[in-house]
Amino acid sequence: MGQKRGFWHEFKKNKALFLMLLPGFIVLLLNNYLPMFGVIIAFKNFKFVGDTFIESLLKSEWVGFKNFKFLFNTADAYAITRNTLLYNLAFIVIGLVVAVGLAVALSEMRFPRLARIYQGAMFLPYFLSWVVASYLVYAFLGFDTGFINKTILARLGLPPVSWYNDPRPWPFILVFMHLWKWAGYNCVVYLAAILSIDPEYYEAAIIDGASKWQQITNITIPQLVPLMTVLTLLNIGRIFYADFGLFFHIPRNTGILYPVTNVIDTYVYNTLLYMGDIGMSSAAGLYQAVVGFTLVIITNTVIRKTNRDYALF
Amino acid sequence: MKKASFGPTAISPLANLILTVVLGLIAFVIIMPVILVIVVSFSGEQSVLRYGFSFFPKQWSLEAYKFLFALRYQLFNAYWITIQVTLLGTVLSLMTMSFYAYAISRKDFKYRNFFTFFVVITIMFNGGLVPWYLVSTQLLHLQDRLWGLIFPYLMDAWWVLILRTNFRTSVPEELIEAAKIDGAGEFRLFFSVVAPLARAALATIGLLCTLRFWNDWWLGLLLINDPRKTPLQLLLYRVYNAIQFLLQSPGNLPKEDVLSNLPANTVRMAMCVVVIAPILVVFPFFQRYFVKGLTIGAIKS
Amino acid sequence: MFNQKRLVSLAVLGLLVFSLVAASTVAAKTAPYEIKWYYPCNGPQRDLELIIDEANKYLVPKINATLKMFQMDFGTYAQKLPVLLASGEKFDIFFIASWTTPSYREAVAKGYLVDITTLWDKYAPKSKAQLPSGFIYGTQINGRNYAIPANKELAHQWGFVYRADIAKKYGFDMSKIKKFEDIESMLKVVKENAPDMIPLQNTVNETGYKMLDFDRIVSDTIPAVLYNDSKDMKVFNELETPEVKQYFRTVRKWYLAGYIPADAPTMTNFTEPRRAGKVFAYCGSLKPYVGEEVTASLGFPMEAVAVTPPVVQTRDACGSMMAISRTCKNVPTALKFLELLNTDPYLMNLILYGIEGKHYVKINARQIKMPPGVTRQNTGYRVGNNWVFGNQYITYVWDNENPNKWEAYKNWNLTATNAKSRGFNFDFEPVKNEIAACNAVWNEYMPGLTTGAVDPDTVLPQAIAKFKAAGLDKIIAEAQRQLDAWLKKTKKK
């Protein structure tokens with residue numbers, strides 16, 4: 001009771017603050033919390049049996065873990081888990097090396113104005129959507145008219161490649177496109193960190209006769225390690241979530257490429273909206289949410305141990 | 001980029017040359033596709049059909065843009081939808097998020113931890129696409145509404161947390177205390193004290209919101225069926241699959257049957273150029289602020 | 001006192017009468033119900049609003065309803081229908097068939113359609129009476145009706161539809177074509193002489209694979225089939241047969257030779273190039289005078305040559321239907337509209353051909369032609385595909401078509417042979433999950449294989465293995481069990 005009075009007292013005192021919280025609170029409630037209760041769909045054989053959604057949900061039959069059992073009996077469950085994890089792992093490792101490398105290189109360039117132009121060019125893809133990117137990729141990979149088939153391969157006297165029907169090159173294309181979109185952005189983040197390193201470190205190193213390479217390996221990189229650790233850990237926490245746009249738009253959602261392009265997110269989307277299979281897609285979605293939740297908790301614990309400021313809670 | 005002033009720490013001219021060339025190549029590879037698409041949109045369809053997409057087309061032409069203009073209804077409509085969503089969405093989401101962030105940034109607010117946790121939970125756990133989709137379409141009835149393209153993006157947990165941290169670090173507590181003693185209400189306090197001091201962070205988040213609304217196809221893909229409510233990015237996606245989507249607005253179709261001689265390849269690329277043109281135009285200006293904002297975010301948050 | 005009492009009672013009576021009259025006039029003035037109707041056709045038409053206005057003038061006094069039609073090409077429709085149904089969009093009538101996604105059977109199982117078994121007799125009796133009983137029973141699921149089938153030809157036959165003018169130009173003798181492979185020499189000539197043309201538009205879901213004409217007793221996307229004239233009635237996996245392998249190799253060869261468009265496995269909008277006159281031949285469903293019909297629809301001289309004989313399978317009754325969505329708020333009005341559509345020549349022809357004098361003029365009681373100055377290219381209304389809408393026997397035909405087309409349909413239905421399994425309806429509830437998984441495998445592998453975009457020697461074994469992993473054997477066993485039970489039952493009779 002005491003707490004209740006406390007709340008009303010606080011509410012009266014801070015009416016304006018509560019008013020400011022209200023819109024955001026409502027959005028979170030409807031957009032984020034309501035669907036959380038909807039996860040029970042995964043344990044039901046959902047059908048539109050009632051007049052309203054709630055009625056249908058209540059009337060639909062409980063099937064326990066049947067949807068999950070079936071999901072994990074398909075070959076897809078393994079393939080989408082593997083694809084999601086391996087691609088994200090590749091993005092994390094390669095993305096880190098490339099972004100830090102570019103940042104260091106740009107910071108060492110002697111013409112800062114040119115460096116700024118380069119940086120701008122590399123940053124541009126961040127501003128373009130994956131739909132736009134799919135057009136750019138198509139301009140290169142199209143069968144009849146694509147730049148690679150018509151100009152490069154034709155000039156080399158090689159036969160054209162049916163890019164959108166051959167799964168083999170796609171792991172490389174997807175990793176490349178991920179780099180294309182994000183390398184510039186991450187490079188800017190690291191560049192900012194490099195520029196905030198105290199110049200005295202370098203001056204001291206020069207007095208000690210350290211070469212440029214030694215300066216980079218002994219000062220720049222170690223100074224970046226905390227940021228690198230935190231960003232990497234954050235990415236590991238999200239390793240179970242794939243970039244839907246990349247895997248959906250760039251391969252044009254082509255069935256024959258699914259073995260190498262289908263990730264959990266695209267699987268859920270396609271199963272829901274093309275197959276209309278609510279049971280399987282909600283089971284896959286909940287599987288992702290639960291494993292994803294566990295990973296976030298684990299990485300957050302690790303982050304808290306390394307650098308408290310960056311921990312979520 | 002203050003490196004130039006480090007004189008003695010600068011790299012050797014040879015290393016600099018290598019860096020300049022290699023980085024230049026990388027930068028070129030990154031923007032090359034954009035250039036290709038622009039060039040193709042100005043090429044003649046016949047030369048594209050024969051020689052493929054090329055940086056040096058055998059024949060330049062404006063026919064793609066002429067056709068696009070003849071089919072403009074759907075395109076202009078999509079532009080208008082996206083402009084409305086972007087303007088309204090940016091203003092509303094920035095307000096929603098910064099109000100929320102301000103309230104939980106106040107150390108004298110007793111329930112700040114509860115409300116912070118309320119946001120943080122949404123980062124850790126979500127119901128997944130299926131329940132979200134069913135709730136949004138069956139309960140909130142967001143499908144085929146402009147509101148549906150805005151509402152789900154009003155709150156972003158990460159951005160709220162960034163704003164909260166920023167409000168705490170850039171606004172001294174004494175200032176808030178002083179203003180309260182002067183009898184200022186929370187809203188006045190926010191607008192006249194906090195917002196001006198945290199304007200860099202607000203501007204950055206505002207830009208991120210703008211970009212997010214302008215570039216969004218995800219909500220459209222899930223919620224929009226009506227061709228007349230299709231936003232720009234979704235239109236681009238639909239046209240990728242079937243150029244006929246440009247003709248999806250009966251009553252506004254061109255008088256002649258344009259399909260028989262539609263230059264499908266170049267029109268698609270022209271469409272892409274028209275969609276990215278605003279970004280390409282404002283990019284050089286935005287980019288500088290963006291880098292600055294990111295720098296603030298990266299160091300402080 | 002008495003007078004006063006009387007006055008009061010009179011006043012009360014008057015008030016009562018007044019309110020009754022008022023109530024009835026209010027009732028008469030209820031706003032017309034807007035029927036939202038989705039269907040596939042040639043694509044959205046420029047003069048659609050004019051046709052809707054005209055139809056509303058007719059419908060409001062008759063059934064107090066107005067119409068809102070959503071026209072789209074078949075590719076767009078295939079993408080949109082699952083979303084419309086899954087999202088609970090509020091709409092009333094839509095096109096569905098055994099070959100749409102979701103199929104009629106799946107849609108019923110998911111509860112998307114209104115059960116019209118009793119309402120049909122009540123609100124649309126004439127539209128039921130005009131249908132041969134084969135359609136009514138053929139579209140039932142467990143004895144219940146969920147959609148009104150179009151009264152049209154019942155048999156199906158596969159073959160090539162081609163540009164007659166191009167064939168003439170190069171001197172092709174198309175009558176020589178007896179099987180799928182026979183068209184190869186013609187494709188070669190077209191490819192060499194007309195590089196802008198698509199020799200064979202073998203795009204996904206519209207491929208020559210259909211010419212193998214298996215009896216798909218389970219679903220269009222499940223490789224558990226019978227032969228039409230099966231002797232032993234054994235259900236089998238078609239992908240393991242030599243004829244399927246042979247077909248895949250043939251299309252692979254053609255694909256590599258450039259006879260089939262490169263984007264065939266992903267291209268769902270097949271009407272666009274056809275209407276643009278860029279297609280020499282495609283694999284299509286044939287029926288009497290199909291050439292004339294397609295000519296009228298596409299605006300180019302088209303002819304057809306048959307590859308398979310006409311056959312009637314169970315699924316053929318479900319080839320074209322209009323169903324009522326579970327989200328429909330006024331089922332009686334929707335049914336009344338379908339009643340008119342199937343029995344009222346004025347309404348049906350208005351929706352099919354547009355406004356008389358503007359989009360067509362009558363030559364005689366049965367045939368119509370383009371008004372002066374209007375061509376098939378510049379007309380504002382040309383939906384084509386009149387088999388989508390309903391009862392074909394009340395529709396006009398174009399001047400280039402045989403006026404006795406509809407009689408020919410009836411005769412053709414009689415000449416067709418019945419598939420051995422005709423009348424058998426597979427209930428897929430026991431293997432629902434396996435079907436969903438196999439559907440996914442089908443969508444992953446079959447577009448590439450059937451269009452020739454992938455190499456069958458490496459991909460076909462993968463596909464077969466994946467179908468097995470998805471539980472195909474269980475589906476085949478279940479289908480066999482149900483079929484055997486059905487055979488026993490029908491033999492007893």
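The following legends describe close-up views of a predicted model.

**View 1. Four strands of chain C form an open sheet.** The strands lie in the order β8-β9-β7-β10, and their pairing is mixed. At the edges are β8 (198–200) and β10 (302–306) of chain C, each of which pairs on one side only. From one strand to the next, the twist averages 30°. In general, the strands of a sheet pair through backbone hydrogen bonds, either parallel or antiparallel.

**View 2. Strand β7 of chain C is joined to β10(C) and to β9(C).** Residues 158–163 make up β7(C), which pairs with β10(C) in the antiparallel sense over five bridges. Within β10(C), Met302(C) stands opposite Arg163(C). Five bridges also link β7(C) to β9(C), and these two strands run antiparallel. Here Gly159(C) faces Gly284(C) of β9(C) as its opposite residue.

**View 3. Strand β9 of chain C pairs with β8(C) in the parallel sense.** Two bridges connect β8(C) and β9(C). Ile198(C) has Val279(C), in β9(C), as its bridge partner. Strand β9(C) is mostly covered, with six of its seven residues buried.

**View 4. Helix α12 of chain C packs on the sheet.** This helix spans residues 290–298 and touches β7, β9 (279–285) and β10 of chain C. The direction of helix α12(C) makes about 145° with that of β10(C).

View 5. The mean pLDDT of chain A is 89, and 97% of its residues reach 70 or more. Where pLDDT is low, predicted coordinates should not be read in detail.

Technical notes: Residues numbered from 1 in each chain as written. Chains lettered and ligands numbered in written order. Predicted model: local features only at pLDDT ≥ 70, side-chain atom pairs only at ≥ 80, totals over all residues. Heavy atoms only, no water. Pairing = 2+ DSSP bridges. Axes fitted to C-alpha atoms, helices over the stretch in contact; angles between N-to-C directions. Contact = heavy atoms within 4.5 Å. pLDDT = per-residue confidence, 0-100. Buried < 20%, exposed > 50% of the residue type's maximum accessible area, 1.4 Å probe, protein only.
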